[in-house]
Amino acid sequence: MSRDFVFVECDRHSHTPDESFAVVPPSSGRQMYKASTEFSLEHLGKGSGRKCLLIGSPVFAVSEFVKKGWNVTYIDVRIPPIEIDKFIQCDATNMGIFPDCSFDAIETSCVLSHAGMGRYGDPIVEDGDEKMLSEMFRVMKPGSLASVMFGNIADIEKMVVLGTCHRIYTMAEIERLLGKTGFVMEKNRIWSLRYSGWLVRGQHVSKDYLGQPDYISVLIRKPNG
């Protein structure tokens, strides 16, 4: 059964392999990256030497996780502009370099919505986001947590695939993806460009996925057994 989505032609950010990395926490713009990292650190907690895989997250997140005691491996399809210990150039839809059950946690921010779309010079992979989640599930230890900022979410009828830029999710599509790949959602939080902060009671998910989109962070668990 094919996925149910709407394709919208768009050449905005259609191919940006040279897009700058977020090397330091942003003081303006891209505030969702800072928020996503804070969400992840809050819920994944102290590492105490355990292994965490960071997939294409803002580069500044590496040092933040190391400070929390995590043994960090960082992967990206591109090469970061600064040296990172345990960096591996890798496509997240195919992480065969890692054995099953390799990591105690995973963190990834605004990567899933781009996976397999070729925007960053990565291979074109059908349902790349689903394949990335399946690979995450495989390399995580049973019972472990992952913190994932999926990317954009909107109050729309169906998921939108915006050219080769990214996917705009619905909550129903996120729940479908997690269920299909075996994950259990523990909690989620939505960052709003309109309000410059996390949505609170009485504030609603945006319908404007082009001008003032929202971003969803999700804490998920790989079940035991």
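Buried means under 20% relative accessible area.

**Figure 1. The whole chain of this predicted model.** Of its 225 residues, 52% count as buried. The chain holds four helices and eleven strands. Its C-alpha atoms fill a box of roughly 40 × 40 × 35 Å, taken along the principal axes. A compact globule with 225 residues would have a radius of gyration near 17 Å; the chain has 16 Å, so the two agree.

**Figure 2. Contacts and surface of the chain.** Take the contacts between residues at least 6 apart in sequence: 67% of them join residues at least 24 apart. The accessible surface comes to about 10500 Å². Carbon and sulfur atoms account for 52% of that surface.

**Figure 3. A nonpolar patch on the surface.** V23, V24 and I82 form this patch. Together they have about 230 Å² of accessible area. V23 sits in the loop between β1 (5–8) and α1 (31–44). Its relative accessibility is 31%, so V23 counts as partly exposed.

**Figure 4. Cysteines without a disulfide.** A disulfide is a covalent bond between the sulfur atoms of two cysteines. The structure holds zero of them. C10 is in no disulfide: the nearest cysteine sulfur, that of C165, is 6.0 Å away. The cut-off for a disulfide is within 2.5 Å. C10 is partly exposed, with a relative accessible area of 22%.

Figure 5. C101 has a relative accessible area of 35%, so C101 is partly exposed.

How values were computed
Residues are numbered from 1 along each chain as its sequence is written. This is a predicted model: local features need pLDDT of at least 70, side-chain atom pairs count only at pLDDT 80 or more; totals for chains, interfaces and linings use all residues. Side-chain values use heavy atoms; hydrogens and water are left out. Patches are made of residues with over 30% relative accessible area and no salt bridge: like charges are joined within 9 Å, nonpolar side chains (Val, Leu, Ile, Met, Phe, Trp, Tyr) within 5 Å. Accessible areas come from the Shrake-Rupley method with a 1.4 Å probe; for residues, only the protein chains shown count as cover. A salt bridge is a side-chain nitrogen of Lys or Arg within 4 Å of a carboxyl oxygen of Asp or Glu. Helices (H or I, at least four residues) and strands (E, at least two) are DSSP runs, numbered from the N terminus. Buried means under 20% relative accessible area, exposed over 50%, partly exposed in between (1.4 Å probe, protein chains only). The radius of gyration is taken over C-alpha atoms; the globule rule is 2.2 Å times the number of residues to the power 0.38. Contact means heavy atoms within 4.5 Å.
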